[in-house]
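Morning, everyone. Please bring up the model, and we'll go through a sheet and then a domain interface.

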Amino acid sequence: MRAAVLHEIGQDKLEIVDDVEATGFGPGRVRIRVRATGLCHSDLSAMAGVLPQPAPFIPGHEGAGEVLEVGEGVTSVKPGDRVVVCWLPACGDCPACKRGQTELCLAGFMNAGTPNFKRPGGDVFGFAGTGTFTEEVVVDAGCAVPIPDDVPFDIAALIGCGVTTGLGAALNTADVAAGSSVAVIGCGGVGISAIQGARLKGAAEIVAVDPVRSRREAALKFGATRALSPDELPDAKQSVTAGEGFDYVFEVVGRSATARTAYDNTRRGGTLVVVGAGAMDDFLQLNMFELFFDEKRILPSMYGGGDVLRSYERTIALWRAGRIDLEGLITHRVPLGDINEALDQMRTGVSLRTCIEM
């Protein structure tokens with residue numbers, strides 16, 4: 001079958017090959033025909049080595065499709081079911097799951113170290129234990145989450161990562177208060193979803209910050225009250241908050257420099273939400289006095305900071321009710337053979353989400 005493969009970490013292009021086989025099918029496993037997958041910035045980060053991932057590997061973790069085959073003991077789905085691929089399934093038995101913090105379950109991360117594809121030349125990994133830039137994938141049953149028939153595959157794919165992450169950061173992690181002031185730094189698909197979440201919660205001011213003009217313009221359509229380039233943020237802090245700082249600032253880039261900017265633009269006693277996935281060697285510097293004196297809450301948000309399955313259901317309900325716009329997030333569509341075009345679209349910032357149609 002066809003797939004897009006990165007041979008070595010650091011390469012910026014994927015090779016489309018047609019000799020890949022999905023492996024590992026058996027008890028407790030599900031074979032999925034991928035119908036649509038989104039390109040998430042985490043895929044680029046893994047390709048560049050910012051996020052740890054063995055190579056060679058097939059990127060992609062934001063996918064949806066239909067079940068082809070189920071292994072012994074699988075009762076949650078059956079052949080023909082439409083599913084979204086969950087790259088971070090909860091095991092239900094670990095301490096994190098028992099505490100109700102299923103987004104911190106490490107079971108899914110364990111899958112990332114086991115090859116789930118092979119080629120004539122050897123094993124191939126799937127990013128985050130999935131690898132949806134391919135026609136078929138074999139995953140644990142918990143990674144195949146059923147979706148209603150009225151949810152299109154492209155919409156379902158977005159729910160699999162970016163939308164859940166951004167919405168959840170505002171709804172779960174921050175629990176944005178009505179009437180509050182919000183700034184979102186980084187307005188790709190995840191940042192736009194955080195903006196939609198802040199709007200749902202009733203934020204009075206939502207300031208979108210991004211260096212790319214097209215993303216700023218899009219942010220206004222999705223609920224931002226102002227859209228600025230990064231160098232305009234100090235003036236906005238003054239005009240919107242009288243210089244005090246925002247009640248909530250979302251960092252959706254994954255770099256220490258923007259996290260520091262986010263911290264500096266959060267009011268005393270306010271909340272900084274770290275949504276972007278950064279590198280292990282990129283350190284955020286804060287001094288002990290400011291931590292004590294400013295009493296700012298720093299809240300990392302992993303996969304939306306809440307139960308993933310409930311978040312999927314909530315997102316579908318909000319989409320059905322017309323409370324959030326998911327179709328508008330898909331700004332580009334390309335076939336698998338043009339995946340490198342999609343990579344360029346994300347690197348230059350011209351896309352919010354590119355859907356790869358299989």
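Start at one residue pair: Ile185 has Val209 in β13 as its bridge partner. Strands here are DSSP runs of E, at least two residues, and helices are runs of H or I, at least four, numbered from the N terminus. This is a predicted model, with local features needing pLDDT of at least 70, side-chain atom pairs counting only at pLDDT 80 or more, and totals for chains, interfaces and linings using all residues. Numbering starts from 1 along each chain as its sequence is written, and side-chain values use heavy atoms, without hydrogens and water.

Now the strands. β12 (residues 181–185) and β13 (residues 205–209) run parallel, joined by five bridges. Pairing takes at least two bridges in DSSP. The open sheet has six strands, ordered β14-β13-β12-β15-β16-β17, with parallel pairing.

Next, the domains. Domain 1 covers 3–161 + 306–357, and domain 2 covers 166–300; the bounds come from an automatic or database domain assignment. Their centres, over C-alpha atoms, are 27 Å apart. Domain 1 puts 20 residues into the contact and domain 2 puts in 22 residues, where contact means heavy atoms within 4.5 Å.

On domain 1's side touching domain 2, α11 gives the most, with four residues.
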